[in-house]
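Thank you all for coming; I would like to take a few minutes to walk you through one model. Please have the sequence and the coordinates open while I talk.

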Amino acid sequence: MRGTPEPGSLLPRTRGVAKLIKEKSAATPSTSESLGSVSMNSILEGKTRKICSRMFFETLVLKSCDLIDVKQDEPYGDITLKVTPQLSKLDFSN
């Protein structure tokens with residue numbers, strides 16, 4: 001699936017994760033290098049393994065749709081999620 005998908009074409013769980021990442025990235029203080037980004041560790045702190053694995057899978061789905069960019073500096077390190085302009089344009093108010 002390439003291009004910007006419509007919010008209704010995403011599965012409910014994927015839509016929920018996209019909305020969460022979008023909200024969290026807007027709520028975090030931004031510096032020039034981390035503008036619109038959020039740490040996956042900060043989102044998943046205190047969550048169960050099941051929730052963490054679901055979040056990881058949905059992150060891969062969102063990346064494949066070009067809705068987020070991901071960066072991991074070292075193996076097993078924290079993953080930084082960055083909102084793309086395509087995700088910024090999507091409206092999840094429905």
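Let me begin with a definition: a salt bridge here is a side-chain nitrogen of Lys or Arg within 4 Å of a carboxyl oxygen of Asp or Glu. By that rule, the count in this protein comes to two salt bridges.

Before I go through them, a word on the source. This is a predicted model, in which local features need pLDDT of at least 70 and side-chain atom pairs count only at pLDDT 80 or more, while totals for chains, interfaces and linings use all residues. Residues are numbered from 1 along each chain as its sequence is written, and side-chain values use heavy atoms, with hydrogens and water left out.

I will also speak of burial, where buried means under 20% relative accessible area, exposed means over 50%, and partly exposed is what lies in between, with a 1.4 Å probe and protein chains only. On that scale, 31% of the 94 residues of the protein count as buried.

Now the overall architecture. Helices (H or I, at least four residues) and strands (E, at least two) are taken as DSSP runs and numbered from the N terminus; the protein has four helices and three strands, and along the sequence they follow the pattern α-β-α-α-β-β-α.

Two strands are said to pair if DSSP finds at least two bridges between them. The three strands form an open, antiparallel sheet in the order β1-β3-β2, and its edge strands, each pairing on one side only, are β1 (37–39) and β2 (68–72). Neighbouring strands in this sheet are turned by 25 degrees against each other on average, direction ignored. For angles, axes are lines fitted to C-alpha atoms, for helices over the stretch in contact, and the values run from 0 to 180 degrees between N-to-C directions. The pairing of β1 with β3 (residues 79–83) is antiparallel and runs over three bridges, and within it Ser 37 has Lys 82 of β3 as its bridge partner.

Helix α3 (residues 49–64) lies across β2 and β3, running at about 120 degrees to β2. Where contacts come up, they mean heavy atoms within 4.5 Å, and of the contacts in the protein with a separation of 6 or more, 54% are accounted for by residues 24 or more positions apart.

Let me return to the salt bridges. In one of them, Asp 69 is joined to Lys 63, with the closest N and O atoms 3.1 Å apart; Asp 69 is partly exposed at a relative accessible area of 35%, and Lys 63 is likewise classed as partly exposed, at 32%. Lys 71 forms a salt bridge with Asp 73, where the closest N and O atoms are 3.8 Å apart, and here Lys 71 is exposed at 53%, as is Asp 73 at 67%.

The C-alpha atoms of Lys 71 and Ser 39, which are 32 residues apart along the chain, are separated by 9.7 Å.

What does the side chain of Thr 14 make a polar contact with? A polar contact is a pair of N or O atoms within 3.5 Å; within protein, one must be able to donate a hydrogen and the other to accept it, and residues adjacent in sequence count only if both atoms are side-chain atoms. The partner is the side chain of Glu 58, at 2.4 Å. Thr 14 lies in helix α1 (residues 12–27) and is buried, at 4% relative accessibility; leaving aside neighbours within four places in sequence, Thr 14 is in contact with Glu 58, Val 61 and Leu 62.

Next, the backbone. Most residues other than glycine have a negative phi. Asp 66, however, has a positive phi of about 60 degrees; this residue is in the loop between α3 and β2 and is partly exposed, at 28%. Tyr 76 has a phi near 65 degrees, again positive in a residue other than glycine, and lies in the loop between β2 and β3, where Tyr 76 is exposed at 85%.

Finally, the cysteines. With a disulfide defined as a pair of cysteine sulfur atoms within 2.5 Å, a search of the whole structure finds zero. Cys 52 is partly exposed at 24% relative accessibility, whereas Cys 65 is buried at 2%.
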